[in-house]
Amino acid sequence: MTASKIAYVIDFDGTVTEVDITSTMARHFGKEHYIKCSAAYKRGEFGMKEWLARMSAFLPPDPAELMEFARLRAALRPGAKEFFQYARSGERPVYIASDGFGLYIEPILEMHGCREYVAGIFCNRTLPGNGRLETITPHAHESCPVCGNCKAAHVIGLQEEGYRVIYVGDGMNDRFGAAHADAVFARDRLAEICSAAGIPFQRWDDFFDLIETNAPVKNNRNRKFCNPAGEGFYKNSPL
Ligand SMILES: [Mg+2]
């Protein structure tokens, strides 16, 4: 990629952090409900929006308890801070896009001295309500039933501002944003999905790989899983 105006859209759980904190919380507090709910999600019976609604019901009502749980699992993937500094020095804004519980992202970035490097955080809000915690999804598509946070819309929004967007992620629901991006760094489940769908991507392990690969392979495939400007999720989309 040679365009001077480049932005990154980066997943948080299992990408910026080594641990997927949302999944770990849901497993810890939801126990057998987590296993059933996540199996149904992986079978494609529903998307993250429904997963979040179901699993939020099992969280403790006190956000401070959840924050302490997150704080103990908040290690960043190696090279994260160096990458944020590298992106800033190259005038490449970094945006976090997360479809998790949301409440711990900004505190964890602050804890590691990284918040100042992030241009924006698109995430869900997990808040007290009705005597328990609820997860609000302010970035959801108005009718698409799949994602809580429409990562594809964030990618497209930055492209409409003139950026070429590099997407960085690890998980299943990163496919929606990744497919629309101009280049993709993928690991774990996202790498499997990109391979299966024929979406060109750069495999990555830690953030030093992102610094070394200044210009990742271009995503030249028109293979999308959704249309944020239209109906959202393509019911007959691959995978
Ligand atoms: Mg992830």
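Of the 239 residues of the chain, 46% count as buried, meaning that 20 or more other C-beta atoms, placed from the backbone, lie within 10 Å of the residue's own. This is a predicted model, in which local features need pLDDT of at least 70 and side-chain atom pairs count only at pLDDT 80 or more, while totals for chains, interfaces and linings use all residues. Residues are numbered from 1 along each chain as its sequence is written.

**Overall fold**
- The chain holds 10 helices and 10 strands, which are DSSP runs (helices: H or I, at least four residues; strands: E, at least two) numbered from the N terminus.
- Its C-alpha atoms fill a box of roughly 50 × 45 × 30 Å along the principal axes.

**Strand β2 and its partners**
- In strand β2 (residues 94-97), V94 and I96 point one way, Y95 and A97 point the other way, and all are buried.
- In a regular strand the side chains alternate between the two faces of the sheet.
- Strand β1 (residues 6-10) runs parallel to β2 and is joined to β2 by three bridges; pairing requires at least two bridges found by DSSP.
- I10 stands opposite I96 in β2.
- Strand β3 (residues 120-122) also pairs with β2 in the parallel sense, over three bridges, and A97 stands opposite F122 in β3.

**Helix α9**
- The buried residues of helix α9 (residues 188-197) are L190, A191, I193 and C194.
- These residues lie on the same side of α9 because they cover an arc of only 165 degrees around the axis, taken from the directions from the helix axis to the C-beta atoms.
- After α9 comes G198, whose phi is positive, near 75 degrees.

Terms used:
A residue is buried if 20 or more other C-beta atoms lie within 10 Å of its own, exposed if 12 or fewer, and partly exposed in between; C-beta atoms are placed from the backbone.
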